[in-house]
Amino acid sequence: MIRLDKRPQPSRAMALATPLLAVLATMVFGGLLFAVLGEDPVQSILTIFWQPLFGEFAFYYRPQLLVKGAPLVLIAMGLALGFRAGIWNIGAEGQYIMGAIFGAAAALAFYPLEAWWIFPLMVICGGLGGLLWAMIPGLLKVKFGTNEILVSLMLVYVAEQFLSSMSLGLLKNPEGFGFPGSRNLQQYASAHNAEIITGSGMHWGVVAAMIAVIFAYVLLTRHRLGFAIRVTGEAPRAAKFGGVNPARLILFCLGTSGLLAGLAGMFEVAGPAGQITLDFNVGYGFTAIIVAFLGRLHPVGILLAGGLMALTYIGGDIAQSQLGLPAAAIQVFQGMLLFFLLALDVLTNYRLRFGAAEVA
Amino acid sequence: MDLSVINPILLLAALMSAATPILLAATGELVVERAGVLNLGVEGMMIVGAIAGFIVAVNTGSPAMGFIGAAAGGAILSLLFVFLTQVALANQVASGLGLTLFGLGLSALMGQSYVGVKPPRMGDLDLGPLSDIPVLGPILFSHDAMVYIGLLMVACVWATLKYTRAGLVLRAVGENHDAAHALGYKVKRIRALAILFGGACAGMGGAYISLIRVPQWTEGMTAGVGWIALALVVFASWKPWRVLLGAYLFGGITQLQLNLQGAGVAIPVEYLAMSPYIVTIIVLVTLSADKSRAPGSLGRIFHASH
């Protein structure tokens, strides 16, 4: 009989070890899944985790790590602030879309004008788009006590509809031969989020992600607001007595995560994606939830987790083209990772006791 | 624009069918939440049910078997949630989100070779002369069996919760798990059963979309219905009959916006398609003030320390 005893303090060692154990378990069970799908498990796992970093074409894939990792880290960092305080923004995908639309719209409004201030304007508008979209669940929660989980999620579907309306209507490329989608911002020099160092994958979104990580770290460890976030998450009643204003905290957490998600969307649409299309969003807003948990809601952890998740995206693409592994397999793989993490987390807060249960 | 193409009788008849997936999923989730567990994985269980039911129905040629397969599929996925929240004592919000993300991926993987396949059709139930009654006949008495099973499910859940010992125990576990544990009830076992029931209901709701509403398999086809079902449970203040009312409200809006799209109203299609989600938000806002009905232990982790 296995029994669980609550630890007086969560184990720090386990908190660090569980993400690694979860990754290992996912590799093993993911390998089994690939074996079921008729692939060589070792080969598939190597393709996903080894090829992008050290394989023959690693020079091409390594920059992709930054390109795919940046939006994940940027979004996850914002989400983690809220998650720490028990504020669940799960509509980052919608905020990401709105940021992209606002950012792209700002640029396209001035097309074909070339000016230095267009890109900064896009950054502001992109962030604003995400911020405003996240303020809807925020304000509703503060004013009416509405559940932010459901509202933020509903707004993802609204944003997706808005996206298709925009790419078929207002933002459609007038020279696009009737195809849905906006003008390609990569061909509009003032609006293009180009690589800062050619061939490195380093674009402004990567820089923003780095800044966000540093800011979040300082906020959480050195600032009063970060302390309020942590207390609210761990002991809501104590936080109230300690004078934390819950409404302001909710608006701050949702607002920040919306802002960062919006920025991520804007950097993506101005750079790697290039244009607003019906389905330019690939689910970073949802994967970022996994990144946030995998990174233990800690800035440094999120940075590492974002890199790992980017790796599975790239490796998944390679596995898709080389081994014919279905795209959905990698999604299952990512979901598995979250499951193992949540399941193994029990070891952080509880001690396993083997042997017969004592008589109470 | 030609609104006269919208036939009110057909609209009401379609409403009952449009409401069924939400109704099934929300009824299941209601039981789960009354047992004190918040399972945000409804969307994931629905989509897995949708594809599991689709696969079974296509391979056996029987829609009825499909629904059984869907219930099994949803329940099996919910087993993962049972393990995470009841055995490993993980956070319910995170586990539910994980279930949804995992379910969306898993269903896409399972459904790869079923894109474009036509499922066997489920005929309408033959209710004899009842369906020939003017107006009421087509609205109430000319549907497939699942519409009635959904209604029956609401009635059963209502009666069980209100009048039976099992229902009382379930509510006790949901209101105060420590007290229920002290009385000797197996909190975890009861919650596990409730979660499995919720999974089976969500699975059937999903299969109703893939087998009857659409009927076809496409990735992510549940498109947020699972989340609307979750909102509906809050809207219904955890009461079965109000779930029914809410499901018809949402079914009506879904159907009406589809009909308006068909009628060529001046509003662009995308904005009409937003309406069910926006209405959900509005309903949540107007009804959020009263949270007193929420089960006392909702979302809290139970760990018997002695």
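A residue is buried if 20 or more other C-beta atoms lie within 10 Å of its own, exposed if 12 or fewer, and partly exposed in between, with C-beta atoms placed from the backbone. This is a predicted model, in which local features need pLDDT of at least 70 and side-chain atom pairs count only at pLDDT 80 or more, while totals for chains, interfaces and linings use all residues. Residues are numbered from 1 along each chain as its sequence is written, and chains are lettered from A and ligands numbered from 1 in the order in which they are written.

**Exercise 1. Two residues of chain B**

Task: Work out whether Ile212(B) is buried or exposed, and find where Ser131(B) is placed.

Solution:
- Start with the location: Ile212(B) is in helix 9 (residues 187-213) of chain B. Helices (H or I, at least four residues) and strands (E, at least two) are DSSP runs, numbered from the N terminus.
- Next, count neighbours. Ile212(B) has 21 C-beta neighbours inside 10 Å, so it counts as buried.
- Now look for partners. Two residues are in contact if their C-beta atoms, placed from the backbone, lie within 7 Å. Leaving aside neighbours within four places in sequence, Ile212(B) is in contact with Met122(B), Asp144(B) and Met146(B).
- For a distance check, take Ala13(B): it is 199 residues from Ile212(B) in sequence, and their C-alpha atoms are 14 Å apart in space.
- Turn to Ser131(B), which sits in the loop between helix 4 (92-110) and helix 5 (136-140) of chain B. With 16 other C-beta atoms within 10 Å, Ser131(B) is partly exposed.
- Finally, His143(B) is twelve residues from Ser131(B) along the chain, and 9.2 Å separates their C-alpha atoms.

**Exercise 2. The build of each chain**

Task: How many helices and strands does chain B have, and how many are there in chain A?

Solution:
- Chain B has twelve helices and zero strands. Its radius of gyration is 19 Å, close to the 19 Å that the globule rule gives for 306 residues, so chain B is as compact as a globular protein of that length. The radius is taken over C-alpha atoms, and the rule is 2.2 Å times the number of residues to the power 0.38.
- Along the principal axes, the C-alpha atoms of chain B fill a box of roughly 65 × 45 × 40 Å. Buried residues make up 51% of the 306 residues in chain B.
- Chain A has 15 helices and two strands. Its radius of gyration is 22 Å, close to the 21 Å from the globule rule for 360 residues, so chain A is as compact as a globular protein of that length.
- The box for the C-alpha atoms of chain A is roughly 80 × 55 × 35 Å, again along the principal axes. Of the 360 residues in chain A, 52% are buried.
- For a local example, take helix 12 of chain A: eleven of its eleven residues are buried, among them Tyr284(A), Phe286(A) and Leu294(A). Arg296(A), with a positive phi near 60°, follows this helix.

**Exercise 3. Where the chains meet**

Task: Which element gives the most to the side of chain A that touches chain B?

Solution:
- Begin with the totals: 39 residues of chain A are in contact with 43 residues of chain B.
- List the contributors. Elements giving two or more residues to chain A's side are strand 1 (2-6), helix 6 (118-144), helix 7 (148-168), helix 12 (284-294) and helix 14 (327-344) of chain A.
- Helix 7 of chain A gives the most, with eleven residues.
- Sort chain A's side by class: 29 residues are nonpolar, eight polar and two charged. Here Ala, Val, Leu, Ile, Met, Phe, Trp, Tyr, Cys and Pro count as nonpolar, Asp, Glu, Lys and Arg as charged, and the others, Gly among them, as polar.

**Exercise 4. A helix pair across the interface**

Task: At what angle do helix 7 of chain A and helix 12 of chain B pack?

Solution:
- Helix 7 of chain A and helix 12 (residues 269-287) of chain B pack at about 165°, with axes 9 Å apart. Axes are lines fitted to C-alpha atoms, for helices over the stretch in contact, and angles run from 0 to 180 degrees between N-to-C directions.
- That angle makes helix 7 of chain A roughly antiparallel to helix 12 of chain B. Angles under 35 degrees count as roughly parallel, over 145 as roughly antiparallel, 65 to 115 as roughly perpendicular and the rest as oblique.
- Residues that meet here include Leu150(A), Met154(A) and Phe162(A) in helix 7 of chain A, and Met274(B), Ile278(B) and Leu284(B) in helix 12 of chain B.
- By class, this contact has 13 nonpolar, four polar and one charged residues.
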